[in-house]
Amino acid sequence: MTQTQKIIARTLGADNITDGARVYISENTDAISFDEKLCGAYGRLFLEEKIFTVPAGVFIDLEAPLRNDVTKEEIAGYIADFISKLDVEGRSLEFGGDSMTYLTMDDRFAVAEKLLALEKKPFCVIFEYDYITAEYTMEHFGKKPETFYNDGPQSYEQVVTLELDRI
């Protein structure tokens, strides 16, 4: 399961959720439910209104050090150009890797904004939780965010490596 799928599953109170699972909301009860066959969890399926389909995940492994003189616009442009060559429309993009520490929160926001503005945009953009995220959250919101940790190996439809030293 990808991190996106884990977050959706926990929100739904499910044990598991897979690519292509259909998530619904009931207008009558304001309850969220899921397609039991695809989620492998217990619950009632509400058919009133389809909300979204759980996306397949693409993991972008960020490698190599980033030069100090690179701007957030250059970072976002480079990553967006790289991602635009992949088939990511409707998929979850999850960033991680050794070079995550070179990206500030402003860099991450710029990357997410640029990727979500692509014509064939991904479903969502997620960066691994790290000390930079924790510090930003404490500084701006005064509290530590609720975090979801991997409880086992994750599976992705595609894993690609992006070397930041090429910017």
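**Close-up views of a predicted model**

The structure, a predicted model, holds three aromatic pairs.

**View 1. F95 and F127 form a stacked aromatic pair.** The ring centres lie 4.8 Å apart, with 15° between the planes. Planes under 30 degrees apart count as stacked. F95 belongs to strand β5 (residues 92–96) and F127 to strand β6 (residues 124–127), so the pair ties together parts that are 32 residues apart in sequence. F95 is buried, with a relative accessible area of 1%. F127 is also buried, at 16%, because its value is under 20%.

**View 2. F109 and Y136 form an edge-to-face aromatic pair.** Here the distance is 5.4 Å centre to centre, and the angle between the planes is 70°. The pair links distant parts of the chain, with F109 in helix α4 and Y136 in helix α5 (residues 131–141), 27 residues apart. F109 is partly exposed, with a relative accessible area of 40%. Y136 counts as partly exposed at 23% relative accessibility.

**View 3. Helix α3 packs against helix α4.** Helix α3 covers residues 72–84 and helix α4 covers residues 105–116. Their axes are 8 Å apart and form an angle of about 40°, which makes α3 oblique to α4. The crossing of α3 past α4 is right-handed. From α3, the contact is made by K72, I75, A76, G77, I79, A80 and I83. From α4, D106, D107, A110, V111, K114 and L115 take part. The residues of this contact divide into eight nonpolar, four charged and one polar.

Conventions: Residues are numbered from 1 along each chain as its sequence is written. This is a predicted model: local features need pLDDT of at least 70, side-chain atom pairs count only at pLDDT 80 or more; totals for chains, interfaces and linings use all residues. Side-chain values use heavy atoms; hydrogens and water are left out. Axes are lines fitted to C-alpha atoms, for helices over the stretch in contact, and angles run from 0 to 180 degrees between N-to-C directions. Helices (H or I, at least four residues) and strands (E, at least two) are DSSP runs, numbered from the N terminus. Angles under 35 degrees count as roughly parallel, over 145 as roughly antiparallel, 65 to 115 as roughly perpendicular and the rest as oblique. A crossing is left-handed if the near helix is turned anticlockwise from the far one by less than a right angle, and right-handed if clockwise. Contact means heavy atoms within 4.5 Å. Ala, Val, Leu, Ile, Met, Phe, Trp, Tyr, Cys and Pro count as nonpolar, Asp, Glu, Lys and Arg as charged, and the others, Gly among them, as polar. Rings of Phe, Tyr and Trp (its six-membered ring) pair if their centres lie within 6.5 Å; planes under 30 degrees apart count as stacked, over 60 as edge-to-face and the rest as tilted. Buried means under 20% relative accessible area, exposed over 50%, partly exposed in between (1.4 Å probe, protein chains only).
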